[in-house]
Amino acid sequence: MKGLSKDRLWSIAVLTPSIILIAVFVYGFIARSVYVSMTDWGNDPAQALALNPIIRFTGFANYQDLFTGFLQGRFRQELVSTIFFTLFFILGCLGLGLGLALILDRNPRGEGLWRTIFLFPMSLSFIVTGTIWRWMLQPQGGLNQAPTLFGAQPSTFAWLSSTDAIWKFDWNKLPLLTASVVGLVLVVMAVRAARSGDRTRTLVAGGCAALLFLWALIIGPNIKMLPAPELHGFNFALIGIIIAAVWQMSGYTMALYLAGLRGIPEELREAAKVDGANDLGMYQHVIFPLLAPITLSAMIVLGHISLKIFDLVYAMAGPDNINTSVPALNMYLTSFRQNQFALGAAIGTILLILVAFVIVPYLSSQFRTEEGHA
Amino acid sequence: MYALLVLAALFFLVPVYLLVATALKSPDDINLSTTWHWPAALNWASFSDAWSKIGGNVLNSLFLAVTATLFSALLGSLNGYALSKWKFRGANTLFALMLFGMFIPYQAVLIPLFQFIKSLGLYGSIWGLILAHVVYGIPITTLIFRNFYADVPDALIEAATIDGAGFWQIYGRVIFPISIPGFVVVIIWQFTQVWNEFLFAATLTNTTSQPVTYALSQLAGGQAVSWNLPMAGAILAALPTLLVYILLGRYFVRGLLAGSVKG
């Protein structure tokens, strides 16, 4: 075909509006948000809603405030909460989804009906889910009353209002903790590279890990982020929200796993049986390895949903419950209730960075393999 | 095996039981200690009460979701066709850059979006919200159609080209007529997403144009509410997407799987 036929020009013409819209609404607006986050817009309430507010460039002051400012403890707790939430939410969805898919894969009677039951919460909004579960988790009602159905005492667990927390750590240890986690990931990468015989990769990853550990041990402890220790951990009040989120989203992982299981050719299972594999061995050596890419996809999709989640929290625990709050909710409140636009933009940018850590490697690897095939 | 299935089904259905039971109770019957009891007398008035409070918002959502979905589907179909059948250099990179828009937290673009909609004079109007949903829907609708058209054999296009058909004739006579399943998937997906969305609804609208998700969150947020009202409201807000799911579940699942990027 010719390089630039009329048809090809049409195809570019068709795409142009979308390209411009995405360029402006995604990339342009992200750039604008990052700029706003480096100003003082709204830090002075009198200027926030002025027609022509006086806005000064302040560099990273808002970020510094969020991570080390006296008044921003709420944000730091939210950051910790969102990490724990993501962890348990993904584990819950993967575990329950895989379990359900394995059962449905054995073709029980009425399979379609079971599937419908497990998937229907997916069609609801987080606001509806949140409204229902808010009622279920009322302090003296719903789930806490369930034991009385069996003649037992009602439970008294403070589902959405508990102030207990476990796994607390001092925010001042954050540099050390982050360095250790990133360092461990690098070590794993180095070991994997070494196994596949990639020497430069092994050396680079290993070297970076060593430098990080050195930094964390020698300089890390001397960084004082806050004047006094500030403890953050996993709040029990989040448990109810995690259960509701798993209720809503585990049908999705079930659908993914079921599609994956159904995609495994029957000959492969037969072959494994012929080779003398028992049920357990077949799952361990044949089926689970084939499901690994699905698990990764699901983790990416669930991970980005969970980092952004806030409507469920808003509907279940209300916007002002510090024990359950997350950065995505804080951003909305800071920007549109308190009109602190610069601070809100900073929180939005931090969220974007968190999500980008999850999404960018995934998208680039997906498209690298695809270009390779083409 | 069946015991496990029943146990799991209980986990998924118990909230529905409590939802319906509470919605059908009269406010005086709602008592924390009798949460689990089925109402002695059914009180359908909760639904008309809830409708009088959020019925207008349900209609807002309906108009919003239908309009935004139609625009999104058309745009996605054209984009998917151009990207999968008229590949040019860098098409995949362009597409990856587009897809990133599907994953970003909207909090990272919310303030400029709010300013932009306001400067267009669309703040508080449903059209501002439609614009936002159509634009941020481009990645997913393009993705679904691109994957759908990837299965259409290129030989079909080549044959049409030899017959002298151009870009638009091929779209109108070959691609569009076989796109119905693709449209069904995209329409269901977008309708559900737009109907259920909350963040844009809460920031870009005012009291007259608020969609039902925001109205429901206000209805359920107060402290002294009688719970039959928000429960009936939740049913009203859930019914359209639930019906779509029950009637067209197969396509819903297909959209769901497409959303996990695997091309």
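In which helix of chain B is the place of Pro139(B)? Pro139(B) sits in helix H5 (residues 126-150) of chain B, where helices (H or I, at least four residues) and strands (E, at least two) are DSSP runs numbered from the N terminus. This is a predicted model, in which local features need pLDDT of at least 70 and side-chain atom pairs count only at pLDDT 80 or more, while totals for chains, interfaces and linings use all residues. Residues are numbered from 1 along each chain as its sequence is written, chains are lettered from A and ligands numbered from 1 in the order in which they are written, and side-chain values use heavy atoms, with hydrogens and water left out.

**Chain B as a whole**

- Chain B has 11 helices and zero strands, and along the sequence its pattern reads α-α-α-α-α-α-α-α-α-α-α.
- The C-alpha trace of chain B spans about 75 × 55 × 30 Å along its principal axes.
- Of the 263 residues in chain B, 59% count as buried; buried means under 20% relative accessible area, exposed over 50%, and partly exposed in between (1.4 Å probe, protein chains only).
- Contact means heavy atoms within 4.5 Å, and among contacts in chain B between residues at least 6 apart in sequence, 75% join residues at least 24 apart.

**A closer look at Pro139(B)**

- Pro139(B) is buried, with a relative accessible area of 1%.
- Apart from neighbours within four places in sequence, Pro139(B) is in contact with Met98(B), Leu99(B), Gly101(B) and Met102(B), and also with Ile22(A) from the other chain.
- Gly80(B) is 59 residues from Pro139(B) along the chain, and their C-alpha atoms are separated by 9.9 Å.

**Where chain B and chain A meet**

- The contact takes 93 residues from chain B and 88 residues from chain A.
- About 8600 Å² is buried between the two chains, and carbon and sulfur atoms give 78% of that area; buried area is the accessible area (1.4 Å probe) that two parts lose on being put together, summed over both.
- Phe12(B), Phe103(B) and Ile111(B) supply 9% of the area that chain B buries against chain A, more than any other three residues.
- Helix H1 (residues 2-23) of chain B gives the largest share of the side of chain B that touches chain A, with 14 residues.
- By class, that side of chain B has 68 nonpolar, 22 polar and three charged residues; Ala, Val, Leu, Ile, Met, Phe, Trp, Tyr, Cys and Pro count as nonpolar, Asp, Glu, Lys and Arg as charged, and the others, Gly among them, as polar.
- Between chain B and chain A the count of salt bridges is zero; a salt bridge is a side-chain nitrogen of Lys or Arg within 4 Å of a carboxyl oxygen of Asp or Glu.

**Covered parts of chain A**

- Helix H6 (residues 126-136) of chain A is mostly covered, with 11 of its 11 residues buried.
- The cover over the buried residues of H6(A) comes from both chains, including H9 of chain A and H1 of chain B.
- Gln248(A) lies in helix H9 (residues 238-263) of chain A and is buried, with a relative accessible area of 3%.
- Leaving aside neighbours within four places in sequence, the contacts of Gln248(A) include Phe126(A) and Thr129(A), and both of these are among the buried residues of H6(A).

**Salt bridges in the structure**

- Over all chains, a search of the whole structure finds 10 salt bridges.
- Glu78(A) and Arg74(A) form one of them, with their closest N and O atoms 2.9 Å apart.
- Both of these residues lie in helix H4 (residues 73-104) of chain A, four residues apart, about one turn of the helix.
- An α-helix has 3.6 residues a turn, so residues three or four places apart point the same way.
- Glu78(A) is buried at 0% relative accessible area, whereas Arg74(A) counts as partly exposed at 23%.
- Arg262(A) and Asp105(A) also meet in a salt bridge (3.4 Å, N to O).
- Arg262(A) lies in helix H9 and Asp105(A) in the loop between H4 and helix H5 (111-119) of chain A, so the pair ties together parts that are 157 residues apart in sequence.
- A network of salt bridges links Asp105(A), Glu111(A), Arg115(A), Arg262(A) and Arg269(A).
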